[in-house]
Amino acid sequence: MAAKKAEKAADKALSAAKDAVNDAKKAVRKLDKSARKKADALDDKLAALKKDAAKTVKRVKRRAAAVEEAERAAKAHRSSEKRGRAEAQAAVQRAEAQSAARAAAERVRQESDTIEPLQPNGADSAIRPEPTAPAPAPAPKVAPRKPRAVRPSVVDAPAAPEPSFRELRGRAQSEGVPGYSRMNKAALAEALGRG
């Protein structure tokens, strides 16, 4: 009888073990499914993040290219502006030199008009011809005025083409000249020349 009881207990233990194994298999299957679901969700998130990162990289590259283009344009504008200023300064210097040369030539002419002619050698210094008319009074010496800035088209030497009204207005706007929108071409050129 003890053997039968032991056999029954062993059968019960075996049955309980079988049930536990089945329960464990079910739990493993559930764990596999949830792990697979979590892995799939993580894969989806990773793909979305990769897509966003690629978009961000493209956007940053486009902005960097736009910044580089703006820097190139600004550099070209600055160099052309420097060239324009240098040409205008050279034109002003040429005009000043021409004005100084004209003033010097006028002084020489005035001084040559006031010099008395020399008597030939051997002539009596006491005998001088009487002047028929009084010599004109020398013109008062006036210090030459500093010439104003001359537009390049006025100078004899070839100069750079004069900027258009729109170019002048654009430069005045970029340099922050107050009241540029109400100025005409001459006023814009003067305001930019002073600035």
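Guide: Helices (H or I, at least four residues) and strands (E, at least two) are DSSP runs, numbered from the N terminus. The model is a predicted one, in which local features need pLDDT of at least 70 and side-chain atom pairs count only at pLDDT 80 or more, while totals for chains, interfaces and linings use all residues. Residues are numbered from 1 along each chain as its sequence is written, and side-chain values use heavy atoms, with hydrogens and water left out.

Visitor: Which pattern does the protein follow along the sequence?

Guide: The protein has three helices and zero strands. Read along the sequence, its pattern is therefore written with helix symbols, as a helix is a DSSP run of H or I with at least four residues. That pattern is α-α-α.

Visitor: In which helix do Glu81 and Arg85 both lie?

Guide: Glu81 and Arg85 are four residues apart, about one turn of the helix. The place of Glu81 is within residues 2–114. Both residues lie in helix H1.

Visitor: How many salt bridges does a search of the whole structure find?

Guide: A salt bridge is a side-chain nitrogen of Lys or Arg within 4 Å of a carboxyl oxygen of Asp or Glu. Side chains of opposite charge can pair when their charged atoms come close. One of the bridges joins the side chains of Glu69 and Arg72 at 2.8 Å, N to O, and these two residues are three apart in helix H1. The number found in the whole structure is four.

Visitor: Is Glu81 buried or exposed?

Guide: Buried means under 20% relative accessible area, exposed over 50%, and partly exposed in between (1.4 Å probe, protein chains only). The relative accessible area of Glu81 is 15%, so the residue falls under the cut-off. Glu81 is buried.

Visitor: With which residues is Glu81 in contact, leaving aside its neighbours within four places in sequence?

Guide: Contact means heavy atoms within 4.5 Å. Glu81 also meets Arg85 in a salt bridge (3.5 Å, N to O), but Arg85 is four residues away. With such neighbours left aside, the residues in contact with Glu81 are Arg171 and Glu175.

Visitor: Why does the pair of Glu175 and Arg85 tie together parts that are apart in sequence, and how many residues apart are they?

Guide: The side chains of Glu175 and Arg85 meet in a salt bridge (3.6 Å, N to O). Glu175 lies in helix H2 (residues 165–175) and Arg85 in helix H1, so the pair ties together separate parts of the sequence. The distance in sequence is 90 residues.

Visitor: Which residues are linked with Arg85 in a network of salt bridges?

Guide: Arg85 is partly exposed, with a relative accessible area of 45%. Glu175 also counts as partly exposed, at 31%. The network links Arg85 with Glu81 and Glu175.

Visitor: What percentage of the 195 residues is buried?

Guide: Glu81 is buried, whereas Glu69, at 44% relative accessibility, counts as partly exposed. Across the 195 residues of the protein, buried residues make up 5%.
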